[in-house]
Amino acid sequence: MEKKVIYAAHVKHPYMHLYIASSEKGLVFVGTDHSSMEELTQYCRRRFPHCEVIEEGSFMKPYISQLIEYLNGQRKEFSLPFDLHGTPFQQEVWKALCDIPYGMTTTYGEVARQIGNSKAVRAVGGAIGSNPLSIVIPCHRVIGKSGSLTGYSGGLDVKKRLLELEGISY
């Protein structure tokens, strides 16, 4: 069996550090300040058993460029291919997150209604929490129904900074 190669890079930007990984098919992981290369490697090995993770900046350039443009306030949406693995429910939630416009927020309940399952608010929260592509699949744009910042696997401080970057004050 041929090993799948996963390319990785540590992106150092003044606004935040990112840890990103991609297969030949597309982006598989984006972690923010509270992540590490070790977390990236563990995630990739869980999703792609027997993969080889190689730090390779040149392969990652298109991904790095778009993320830096976003952090510089020059990009509002991404055109990156994904190699995303999740349950059908997770995939549906992640797709709904991609429909949240830049600079806007929505609630967990609204996402549940959008996917046609208004009673699945907790399950939506679980799917959002397992989103492996922070920023690119904009889970930071989902807030509590009271308008409060709630749950973000990358840390609430990062969620707040991302929302502020998009012009939303908290």
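**Exercise 1. Determine which residues H140 touches, not counting residues up to four places away in sequence.**

Solution. The model is predicted: local features need pLDDT of at least 70 and side-chain atom pairs count only at pLDDT 80 or more, while totals for chains, interfaces and linings use all residues. Residues are numbered from 1 along each chain as its sequence is written, and side-chain values use heavy atoms, with hydrogens and water left out.

Step 1. Apply the contact criterion, heavy atoms within 4.5 Å. With residues up to four places away in sequence not counted, H140 touches Y70, I135, Y152, K159, L162, L163 and E166.

Step 2. Locate the residue. H140 is in the loop between α5 (121-129) and β6 (142-143); helices (H or I, at least four residues) and strands (E, at least two) are DSSP runs, numbered from the N terminus.

Step 3. Examine the side chains. H140 and Y70 are joined through their side chains by a polar contact of 3.5 Å. Such a contact is a pair of N or O atoms within 3.5 Å; within protein, one must be able to donate a hydrogen and the other to accept it, and residues adjacent in sequence count only if both atoms are side-chain atoms.

**Exercise 2. Classify H140, T41 and T87 as buried, partly exposed or exposed.**

Solution. Step 1. State the classes: buried is under 20% relative accessible area, exposed over 50%, and partly exposed in between (1.4 Å probe, protein chains only).

Step 2. H140 is buried because its relative accessibility is 0%.

Step 3. T41, a residue of helix α1 (residues 37-47), has a relative accessibility of 17% and therefore counts as buried.

Step 4. T87 lies in the loop between α2 (57-71) and α3 (88-98). Its relative accessible area is 41%, so T87 is partly exposed.

**Exercise 3. State in which order the four strands form the open sheet, and describe what packs on it.**

Solution. Step 1. The order is β3-β2-β1-β4, with mixed pairing; two strands pair if DSSP finds at least two bridges between them. At the edges stand β3 (27-31) and β4 (52-55), each pairing on one side only.

Step 2. Four bridges link β1 (residues 5-12) and β4 in the parallel sense. Y7 is placed opposite I54 in β4.

Step 3. Helix α2 packs on the sheet and touches β1, β2 (17-22), β3 and β4. The direction of α2 makes about 135 degrees with that of β2; axes are lines fitted to C-alpha atoms, for helices over the stretch in contact, and angles run from 0 to 180 degrees between N-to-C directions.
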